[in-house]
Amino acid sequence: MTFIAEQIVKVFPGVRALDRATLRLEPGTIHALLGENGAGKSTLIKVVTGVYQPDGGRLLSTAEDGSLTELSFGGPLDAQRAGIGVVHQERNLVPAFSVAENIALQAVPKRRGFVDQEAMRGLARRCLDRLDVHLDVDRPVSSLSVAQMQLVEIAKALAVDSKVLLLDEPTASLTGDEAEALYTVVGALRDQGHSVVLVTHKLEEVFAVADTMTVLRDGRSVAEAQPLAEHTRDDVVTLMVGRAHADLQLDSRSVDTTTAPALELENVSTAQGHHNISLHVRRGEILGLYGLVGAGRSELARAVLGLDAITGGTVRISGEPVRISSVGQALQRHRLGYVTENRKEEGVFLDQTIARNVSVTVWRRLARLGLVRGNDERALVEQYREQLGMRISGPTQLAGQLSGGNQQKVSLAKWLAADCDILVIDEPTVGIDVRTKAAFHELIVGLADAGIAILLISSDLPEMITLADRIAVMSEYRIVGELDNDHRYERTSHAVIRMIHAEIAS
Amino acid sequence: MNVPMQQSDATVPTDELATESAQRPPRGLPFWANPRLGLLAVIVVLVLVFSSLRSSFLNTDLTLVPMQQDLSVFLVVGLAQLAVLSLGHMNLAVPRMAAISAFAMGWCYQHLSVPLWLGLVAGLIVGAAVGALAGWIISATGVNSFVVTLALDFALVGLVSLLYSHIGDGVAFAAHPAGMNTLRNDTFSDYCAGNVCGPPVPLIVPIALLAAVLVALLFRLSRVGREILMTGSNARAARLSGIPVSRRVVQAHALSGTLAALAGFLLAINSGAFSADIGNSFLLPSFLGPVLGGTLLSGGAVSVLGTIFGAALTEVIRTGLNLLNFSVQDLNIYIGLVLLVALSLDRVRHVLAERRGSRA
């Protein structure tokens, strides 16, 4: 079966997430779906797996005799019936159930209304055998390693007879050996005639295992089902990043190194498992903290802000050792602000006005006799509306009505209003379209130029290389290296990825 | 701070995709979707209906004065619940917080012979303390406020009756501090300057209104009140914005306890005694006022004006049906039904308004 998602359009309020994206999957191939964060990969996956219904375009499947069938998915179950399986980044297994029960979850063999235990085990074993994986099917899933769970997920997709298998960032939390083992399995699936879609940021892996690729940029497919052999890494990066992105060329900033760093961590360990973390960032400097999802970056920021316990080492602000116990204290005593990663859950108050969202950090300062005047708040909003280019109808608009990029600006504005000297900015451009992203990058650089010390957390390597003066690389809750960034994608990204791999291998 | 960025929109790589939605005005709802106006209309209609069926509905001494007295109590009861609804919490112990505070007040009058105002202050402090305790348990344990206050109410039921039987005078205190009867019986029309007398408004009404104004100011303008609302809107975001979340939870519950105590005091004034049954009738009305008035159970937004209208609607229905000779049981059935209908209509109106808004 050839599966085609043709000219798919998907619109969310304020954002055209997919704009005529096409994905063509041939049987017996490993197909890489590439694109930056926010390019529309996850939206496309959700359309293909029936989670979202497209606003335009169509889903087709071709039978061996060449006849076309148009598919319409009312929900994920329809997609599953059509033979499309997905292994998500977040695991969808029931930890307390056995391997067999999990694999057979959507295809439980029954006899007289009860579960046929033997048939279920048989099905699970057959699926695992096809992957050439040997696992005791009676073990509870909770006792498995992350890599084994992933294999169980793939077996689960085979149990419902999936012809197309989507793997979303399958190696994000695997070691090098485990990743290799996984790709052996994926290769076996290809040889059995499945088409496997690999969604990943790791270009090395793509070039090592994939046959064809589709590149999404800004909701469009800028390369459709092209053989990877015809492309170099540079081509692919250019396709992903596009011209607009490369425009922001920065010279290395000169940073005053004579004064004490604005924020310094020396041999810091945390209750979360960080070990001997040493970092520093000076005023006017952007220190990038890069790492894969789960490397412990946001957790480190949270510990520094007093949300988790620091168990060893010293945190210094302007040279003075400090103990921070809450975000409020960080803000009031040390002018340290934290622009959070999940803007909808943690960054903005969706059901409150923009005025309140922006001024929440400064009510203490605005209040006279304990009372806040609305005029002061509105003035604040007007100031940042201009400065940050916020597209809002007015200070009383609810934050939940804004597009993602504008919500992010609101979330940033509240810390600018608080007059922070140090800003920790966590994944600022996730899920934001490319143009707003570029505007955000300019903003962040502008803040550093104005003398703010910025610790930028991101798993978007191009973004890191565009913005950071220095990049510290984190893997498994340790700093595995630090380098001066010369803003050249090719060289720096190689160096960063080498650091992570060296750590994983050791 | 001076951040040299983005001199004009022309140099900004604009977020064109978001432009169309941003340039539209926010989806404002039409005026008739405002729940407060809807409530006011319903109140007016009901008053017209009841007064045409029974002319005594507009009789000052028989109906209007007692209505205002009841309304004062239930307004403050509603405010007590509103104080924690702001957090998205509930306080099911409003009745017993009122009861134990009323006990404290009665005991002070009986055994310490304190003046009226001093006993009130003592009772408010007791209410605040019990409320703060509830808030502290909730924020320290993370247990749902529903469960904590339900358990607390249960414990206080026992404690209050124990207190009355052991160190009280049975089921009520006999003491009548100076001013209590004046506060109970007089209206402003009893005070005249020359030929000009005041309106027929009971003396306790300004007390309730003052409480309402203070609560409204707190949530609208004060830092603490706004931070309580932000905590109710999104506690995680509040903590990450530097708001001392646990402290705000304790403060909101302490406010709830204080207002419950004030409601207990007003009811004792109205009924003429500080007795063990004070607060028994408070639980349902405490939700009716705020919820009818548009305060969200999910937290983050409150409406004091709506609470006044909501309490007034309940009181009009109660009094009207009473005058039409409905028995107490019938009364409860009809009040329950009317409120269900009112809430459903409110929801329908809101959905209609949203649809219209999204088409615009």
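This is a predicted model: local features need pLDDT of at least 70, side-chain atom pairs count only at pLDDT 80 or more; totals for chains, interfaces and linings use all residues.
Colleague: What makes β11(A) and β12(A) a pair?

Modeller: Two strands pair if DSSP finds at least two bridges between them. Strand β11 (residues 212–217) and β12(A) have five bridges, in the antiparallel sense, so they count as paired. Within β12(A), A:Ala223 is the bridge partner of A:Val215.

Colleague: Why are β6 and β12 of chain A said to stand at the edges?

Modeller: The open sheet of six strands runs in the order β6-β9-β10-β3-β11-β12 (chain A), with mixed pairing. β6 (84–87) and β12 (220–227) each have a single partner strand, so one side of each is left without a neighbour in the sheet. From one strand to the next, the twist averages 15°.

Colleague: Which helices lie across β6 and β9 of chain A?

Modeller: Helix α5 (residues 146–159) lies across both, running at about 170° to β6(A). Helix α1 (residues 41–48) of chain A also lies across β6 and β9, as well as β3, β10 and β11, and runs at about 130° to β3(A).

Colleague: How do you know that the span of α6(A) agrees with its number of residues?

Modeller: At 1.5 Å a residue, the 16 residues of α6 (residues 176–191) should span 22 Å; the end C-alpha atoms are 23 Å apart, so the two agree. After α6(A) comes A:Gly193, with a positive phi near 95°.

Technical notes. Residues are numbered from 1 along each chain as its sequence is written. Chains are lettered from A and ligands numbered from 1 in the order in which they are written. Side-chain values use heavy atoms; hydrogens and water are left out. Helices (H or I, at least four residues) and strands (E, at least two) are DSSP runs, numbered from the N terminus. Axes are lines fitted to C-alpha atoms, for helices over the stretch in contact, and angles run from 0 to 180 degrees between N-to-C directions. Contact means heavy atoms within 4.5 Å. The expected span of a helix is 1.5 Å times one less than its number of residues.
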